Amino acid sequence: MQSDSVDLVVRASRAVIGGREVSASVSVVDGRIVAIDPPDAAVRAETEIVLGADEVLLPGLVDTHVHVNEPGRTEWEGFASATRAAAAGGITTIVDMPLNSIPPTVDVAALDVKRRVAADQSVVNIGFWGGAVPGNVDQLRPLHDAGVFGFKCFLLASGVDEFPPLTVPELEKALVEIASFDGLMIVHAENAELIAEAPSAEGREYAGFLESRPRAAENKAIEQVIALSRQTGCRVHILHLSSADALPMIAAAKRDGVRVTVETCPHYLCFDAEAVPAGATQFKCCPPIREAGNREALWQGLLDGTIDTIVTDHSPCTPDLKRFDTGDFGEAWGGIASLQVSLAAVWTEARARGCALADIVRWMATNTADQVGMAERGRIEVGCAADLVVFAPDEQFTVDVAQLYHRNPVTAYDRLGLSGVVRRSWIAGSESSTGRLLTRD
């Protein structure tokens with residue numbers, strides 16, 4: 001109970017706090033949570049918000065896998081449009097990927113460019129990943145010291161020439177360096193040799209594209225990353241897991257004490273390969289959406305804790321790059337835009353499998369924040385940043401891509417019926433403030 005007036009108090013009959021739903025009033029001063037009391041506590045506040053019976057107070061989500069693309073490819077996506085979409089979807093913090101922007105974030109000078117561009121445009125909090133590419137090992141520690149949250153690498157062509165992949169020996173060298181300052185390497189894990197041996201991706205049929213990115217390539221690369229993490233002691237994170245076949249080796253590595261975490265994405269949890277229409281290149285992403293049985297195994301991996309987090313891998317482009325004129329999966333850019341709908345999409349599928357909102361918060365807020373060391377985000381606790389979201393879990397809507405805020409009107413979720421609407425959000429206790437540029441603590 002507060003004796004002095006606070007800036008904001010939010011009273012909720014339902015709030016996800018401490019891993020469960022409770023009734024509470026949450027008090028905020030200077031952008032931080034200062035008290036969590038019973039919902040009817042006598043709190044004097046400059047602003048008082050009482051949530052409706054159909055609303056739940058959540059911590060703002062933390063999405064650690066977002067491609068903003070600015071500068072250089074701002075026509076694909078920019079900080080203003082991406083962060084507006086994030087806020088509308090209940091995401092109050094994003095961590096921006098180092099590639100697709102020009103210059104890529106592979107040295108401190110490029111990081112400085114990113115920060116200058118993002119500073120006055122962003123309505124949510126933003127952190128940045130650094131990049132690990134051939135020849136920049138000497139830039140990894142300076143980037144770490146400058147506050148990036150870790151380093152991304154590819155083990156096969158990234159799709160953009162200015163961000164080339166690492167060979168396995170180059171990956172080992174980078175991991176040794178990153179381990180020396182206890183940093184984090186996040187890996188796009190698909191094996192280049194097995195991809196090269198697979199059938200080429202061409203034509204309108206999704207089955208052909210799926211054959212071009214076989215599970216074996218993902219599994220082999222993950223095996224290599226785990227082995228190198230075991231050898232070097234470096235923390236590693238597997239990006240956008242789509243192959244459920246890899247779950248047993250990941251679980252075994254965790255049991256052995258290997259410092260490995262893993263994420264998956266809403267599109268792998270919501271869609272299945274059998275249902276992707278011919279020519280529907282809005283569903284193309286790498287690694288690909290796989291079969292319905294694989295999707296259910298990914299859900300089981302979340303439930304048993306093998307998979308740690310769910311992130312969007314929001315990777316939009318201009319409509320022409322999706323090649324809707326031909327519907328050719330081999331020619332189309334791979335990436336799915338989902339910042340604004342990810343919470344609703346995951347919640348719709350999760351509740352159908354008996355999951356609770358506390359599970360969503362764990363996968364999409366607390367665990368993502370913990371992965372990058374943001375101890376004051378992704379949870380409603382005294383002392384934490386007052387990044388809060390009001391969510392109506394039972395309200396239904398149909399996605400209309402024309403009403404989404406990301407830059408280009410393309411998404412695999414268009415016309416999909418979902419449950420769960422974000423009604424309002426606060427960044428540091430304010431509904432109108434700009435986001436902060438974050439650095440690793």
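Two cavities of 30 Å³ or more were counted, a cavity being a set of points, on a 1 Å grid over the protein atoms alone, where a 1.4 Å probe fits but cannot get out. The model is predicted, so that local features need pLDDT of at least 70 and side-chain atom pairs count only at pLDDT 80 or more, whereas totals for chains, interfaces and linings use all residues. Residues are numbered from 1 along each chain as its sequence is written, and side-chain values use heavy atoms, with hydrogens and water left out.

The largest cavity has a volume of about 50 Å³, volume being the space filled by probe spheres set on the grid points, which are joined across faces, edges and corners. Its lining (residues with an atom within 4 Å of a point) includes Q282, K322 and N408. The second largest cavity, of about 40 Å³, is lined by L61, V62, D63, I91, I310, V311, T312, S342 and M364. Strand β6 (residues 61-66) gives the most to this lining, with three residues; strands (E, at least two residues) and helices (H or I, at least four) are DSSP runs numbered from the N terminus.

Strands β12 (residues 235-238) and β13 (residues 260-264) run parallel and are joined by three bridges; H237 has T261 in β13 as its bridge partner.

Methods
On a 1 Å grid over the protein atoms alone, a cavity is a set of points where a 1.4 Å probe fits but cannot get out, and a pocket is an open set with protein on both sides within 12 Å along at least five of seven lines; lining residues have an atom within 4 Å of a point. Two strands pair if DSSP finds at least two bridges between them.
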